[in-house]
Amino acid sequence: MNSDDFTAKLMSDMDARLLDFVKTKVNSFIKWDLVRFFHENPNTADSVENIAKYAGRNPVAVKPELEELVETGVMVRQNIGGIPVYRLADSAEMHQLIEDFISACEDRHFRVKAVYHIIRGMR
Amino acid sequence: MERVKTGVPGLDEMLHGGFLRQTANLVEGATGTGKTTFGMQFIYNGIVLYNEPGLVLTFEEFPQQYYRDAENFGWDFRRLEAQGKLKVIMTSPEVTKHDLESVGGMIETMVTEMGARRLLVDSLSHFERLATDPVELREIQYKFINALKREGLTSVLTRESPTLFGQQEESEAGVTFVADSYVLLRYVEMESAVHKALLVLKLRGSDHAKDIRQFAITPTGIEVQARFEGREGIMSGTPRMADYFARAFIDR
């Protein structure tokens with residue numbers, strides 16, 4: 001086993017559900033910020049522009065990330081009066097997954113592993 | 001007439017029992033006077049004391065801030081949310097306007113699902129960004145308030161007052177006509193200290209107390225206290241001693 005394989009194995013040593021969540025759903029730092037924001041403010045429902053404002057990010061950068069979160073079932077998009085409005089998906093299972101992810105992030109080792117997977121995914 | 005008690009000590013007596021059911025009630029004051037605290041207390045008491053689930057609609061402060069502020073008064077908003085009796089919704093006036101205009105919108109669905117009876121809108125001032133024309137703005141606010149009534153909600157709508165002390169500027173008055181009641185919170189300077197005053201200016205369809213009361217934000221929320229005795233010009237922000245009071249107690 002070479003050192004890269006060893007690192008990958010070490011970094012994948014986490015709850016399989018959370019590993020999948022990081023690899024396939026929260027696979028960017030903006031998504032991480034958004035998921036944390038919606039976890040802390042769960043009944044937020046707003047336009048891209050306003051969500052970007054809340055997150056202190058550029059709407060151009062936030063829009064594709066929100067769209068991907070919709071595609072992966074983390075969030076839902078609803079058209080209200082011609083405005084695309086984003087909010088957390090209603091699924092209790094998804095809420096639990098987000099809750100578990102945010103709780104896991106309190107552990108520095110988990111955060112290091114999550115950052116590793118996000119950076120790898122960005123390559 | 002069915003009354004909706006605020007549960008704020010001293011206020012329901014001033015309102016002759018509380019707000020009227022299915023009405024929009026404007027609470028106006030400068031920053032820090034306690035508008036949001038009042039609104040949160042109205043919602044919390046509704047759930048805990050009167051079994052009336054509630055919604056908080058915020059246009060600026062993050063819900064997280066409400067959870068934290070409420071906790072300081074011993075009101076566990078997160079627990080009430082988990083019990084399905086409360087939702088703190090963050091959105092924008094634009095989205096809210098369109099949402100309430102549509103059938104089966106987000107707010108309508110929440111009201112139906114939760115059986116919500118009370119609403120805090122914090123703050124109505126944010127609607128001012130939807131229109132620069134005062135006539136158009138008044139129409140938007142009128143439609144918004146009517147939609148809330150249509151949903152069967154008794155609402156508290158906060159509005160920011162631009163002046164801290166003294167005579168209030170002639171602000172956008174439309175909403176004060178549209179609202180069913182109008183409660184004013186003011187800072188008052190007396191003897192080098194800042195006090196807070198509360199006045200019920202209007203309560204459509206009912207009599208109400210006309211006197212100006214002191215109020216305090218205590219560790220358990222707002223408490224309306226005694227009227228300002230022996231002072232005149234309270235709402236100017238810098239009251240003077242009333243002549244009768246000076247004659248009776250000072251000039252003797």
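Two strands are said to pair if DSSP finds at least two bridges between them. Helices (H or I, at least four residues) and strands (E, at least two) are themselves DSSP runs, numbered from the N terminus.

The model before you is predicted, so local features need pLDDT of at least 70 and side-chain atom pairs count only at pLDDT 80 or more, whereas totals for chains, interfaces and linings use all residues. Residues are numbered from 1 along each chain as its sequence is written, with chains lettered from A and ligands numbered from 1 in the order in which they are written.

Chain B contains nine helices and 13 strands. In chain B, strand 10 (residues 213-218) pairs with strand 9 (residues 193-203) in the antiparallel sense over two bridges, and there B:Arg213 lies opposite B:Leu198. Strand 10 of chain B also pairs, again antiparallel, with strand 11 (residues 221-227) of chain B, over five bridges. Here B:Val224 faces B:Phe215, and a hairpin of two residues links these strands.

I turn now to the core. A residue is buried if 20 or more other C-beta atoms, placed from the backbone, lie within 10 Å of its own. A nonpolar core joins buried Ala, Val, Leu, Ile, Met, Phe, Trp, Tyr and Cys residues through C-beta atoms within 7 Å. The largest such core has 81 residues, and A:Leu66, B:Ile43, B:Val56, B:Leu119 and B:Leu120 touch the most other members. Helix 2 (residues 35-48) of chain B contributes the most, with six residues.

Finally, buried residues account for 42% of the 252 residues in chain B.

Definitions and conventions:
Buried ≥ 20, exposed ≤ 12 C-beta atoms within 10 Å, placed from the backbone.
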